[in-house]
Amino acid sequence: MYGMIHRAARQMVLNGGDQSVWPRILERAGLEESDFISGQSYPDEVTFTLIGAVAAELDLSLEETLIRFGRYWIRFADESAFSHLMKMAGQTLTEFCENLDRLHANIDLSLPGVDVPSFLVRSSDETSLRITYVSSRTGLEPFVTGLFEGLLAHFGQSGQVRCLGPHEGGIDFLITLDG
Amino acid sequence: MGANLDEQQLDLVFPAYIRTSPDLKIISVGRSLRRLAPQAQPGTGLLDSFRIKRPTGPVDFQGWVRAGSALQLQATTGSMVLRGLVLAEEAGFLLCVSHAISSIADLEASGLTMADFSQADSSLTAILAAGFQASMLSETRELMTALAGARDEALAASKAKSAFLANMSHEIRTPLNGILGIIGTLARTPLTPSQQEMVQLIMGSGQSLERLLSDILDLSKVEAGQFAIESAPFCLGASVRDAVRLMQIRADDKGLVFGLDLAPDDETWVMGDTVRLKQVVSNLVSNAIKFTDRGRVDVVLAVTALESGRAGIRIDVRDTGIGLDAEARERVFQRFAQADDSITRRFGGTGLGLAISRDLAEAMGGEITLETKPGSGSCFTLLLNLPRAEASLQSVSPLDGPSSDVDEIAPFDSPLRVLLVEDNVTNQRVVQLILETLGAEIAVANNGQEALDLYHADGFDVILMDMQMPVMDGLTATRLIRTREGAAGWRRTPVAMLTANTLDEHRQTASNAGADYHIPKPITPESLIRGIEAALAAAGRVI
């Protein structure tokens, strides 16, 4: 994965307040400053090792860590190189989700060798969105759950995100909006 | 030329399209313009809502269609720019245009969304790439700031370390002065053979410690960028001979043959730093002897005449010692490194000598090269390029420490009157022990103020002045003595700075204060006497 994911993980931990945690995570993961260059692609193992170290040092389950990271990723992306495209992707949660795949298609063209997932809105109405997530990676469903939760917060909406399981080559998620 | 797309299809392919009648009245516009350019209503004139920036010249849609000219429109209100082509239709013209983004800053204010761009349009990718570029630039700036901070911290740490080394060297040199001075004096008294051996062992250990301190001081000077190289005429042959004099004795002690070949360049004079050249040669020869168990060590001087009155100097130090393999050769000039760890145990040393020698050679504008083979010995070569100089009488420079050892010191012809200004009781005693055996009369002052109290016209033949003392330091005392002499018209009394501060800057500061000579601690009976003689000579006085 690209180094910007690593930077996001670092920022999430540093935002947590306890500055002594991050050096321990680095040591546990065996990473150095050179592993945090946004525009550089790193083997997935490096990223997974980092996330594992974050979970261990924060004393969280891997699932909970990925959910938190997914939520944080939306905040991070909105202040990163993606910020312009994030704003252009939509003013509402539904509009944004409908453009989510297009957003990733553009990332795919901008970063050589990047392996981005795709998102297909299966159905949407005023109370819910059903989205199929397709990725070559496995085990990142909690991250996607966190990501949709982050989007709910980003658009000032409340609701629940549920992973429905495999569907037509992908994993289906249901976002249910409150009220 | 015709286009058979309905408006729904056109909305997808060109969300900002404009369809007009032959007289340029708007018939319909794409979904993007319906949202962002509400003034472009059907029935209104195209040129009421848009200015044609390109093609320039008269409006000629038919001509532009034929030529396939690129069309660029600027909205009459706001900053919207549209680019594309114009096609002819039965009912008029179809402007197949898209939003043009000239800067990310414009994008913020434009209100454009993804839906305003066709799937076939790569503008969004370009926007993302621009975002990445801005992000990477910001990241690079962050890294540069962090690196600069790390560099500053490293420099500050290095500076602090150098200062610490210099201070510690000074602190160690002071008691070492006591040890070497007293043991030197003791060696001149009647002793049994076993006592003589013990005294020699103590002296040898003290001298080794002194050499180590000098190396550490040199290293701290290199790291602090304070390595000043002097330029004065000197005789190459004499310098090399001087550098190897003591080494010959060590080679003899190990049963090695020592060869010194200076001809035909023995009498070549050059401008440079003879002290540093001797230090390098001495280091190289010392190393060669250390790492050679049998065979020989040879020192060969060769000078090549170069253009512009310069001399290409080559000094080979060749041995038949252990030699070095490729890996050891890589490490040999690194600080604190020796060919391998076992060498330190087998041969001793700190691993600083060659590193300092290389630094010195480079500071003199030269280099040290190495040819070596395991088991077949090594040849270290010092290469320098120095200006030639005219031969002159070699004189002792003021404030230059004594360089040669003497075996015999004769008592003074008449009692030498010495004012010793020194706060350390041991060091006072060392000087007293050395000079009293030679019949000197010594008055002791514990600091600069006491020295001023004792000092009077023609009261002393020489003043030995420590530099760092409580109450009043030696530099201040020297300045005041010179001022007093000048004001009263008294004869100048030679002042020799007797101090563990051996950096060039200290010597210069002492000279500026009015000192005539610099005797570095630790002192030996020989260096003290020669220093006093030199101070007297520099001041135009004789014992």
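Let's start in the loop between helix H3 (44-58) and helix H4 (62-78) of chain A, which is where A:Asp59 sits. Keep in mind that this is a predicted model. A:Asp59 has a phi near 60°, a positive value in a residue other than glycine.

B:Leu24 isn't a glycine, yet its phi is about 65°. You'll find B:Leu24 in the loop between E1 and E2 of chain B. With 18 other C-beta atoms within 10 Å, B:Leu24 is partly exposed, since that label covers counts between the 12 or fewer of an exposed residue and the 20 or more of a buried one.

Strand E1 (residues 18-20) and strand E2 (residues 26-29) of chain B pair in the antiparallel sense, over three bridges. Which residue of E2(B) is the bridge partner of B:Arg19? That's B:Ser28. Together E1(B) and E2(B) make a hairpin with five residues between them, and B:Leu24 is in the turn. While you're looking at strands, here's a handy rule: in a regular strand, side chains alternate between the two faces of the sheet.

|---|---|---|
| B:Arg54 and B:Pro55 | about -5° | between strand E3 (50-54) and helix H4 (61-67) of chain B |
| B:Ala263 and B:Pro264 | about 0° | between strand E8 (257-261) and strand E9 (269-272) of chain B |

Back in chain A, let's see how two helices meet. The axes of helix H1 (residues 3-15) and H4(A) come within 10 Å and cross at roughly 105°. So H1(A) is roughly perpendicular to H4(A), a label used for angles of 65 to 115 degrees. Which residues do the meeting? From H1(A) there are A:Ala8, A:Ala9, A:Gln11 and A:Met12, and from H4(A) there are A:Phe69, A:Tyr72, A:Trp73 and A:Phe76. Sort the contact by class and you get seven nonpolar residues, one polar and no charged ones.

Methods: Residues are numbered from 1 along each chain as its sequence is written. Chains are lettered from A and ligands numbered from 1 in the order in which they are written. This is a predicted model: local features need pLDDT of at least 70, side-chain atom pairs count only at pLDDT 80 or more; totals for chains, interfaces and linings use all residues. Two strands pair if DSSP finds at least two bridges between them. Helices (H or I, at least four residues) and strands (E, at least two) are DSSP runs, numbered from the N terminus. Axes are lines fitted to C-alpha atoms, for helices over the stretch in contact, and angles run from 0 to 180 degrees between N-to-C directions. Angles under 35 degrees count as roughly parallel, over 145 as roughly antiparallel, 65 to 115 as roughly perpendicular and the rest as oblique. Two residues are in contact if their C-beta atoms, placed from the backbone, lie within 7 Å. Ala, Val, Leu, Ile, Met, Phe, Trp, Tyr, Cys and Pro count as nonpolar, Asp, Glu, Lys and Arg as charged, and the others, Gly among them, as polar.
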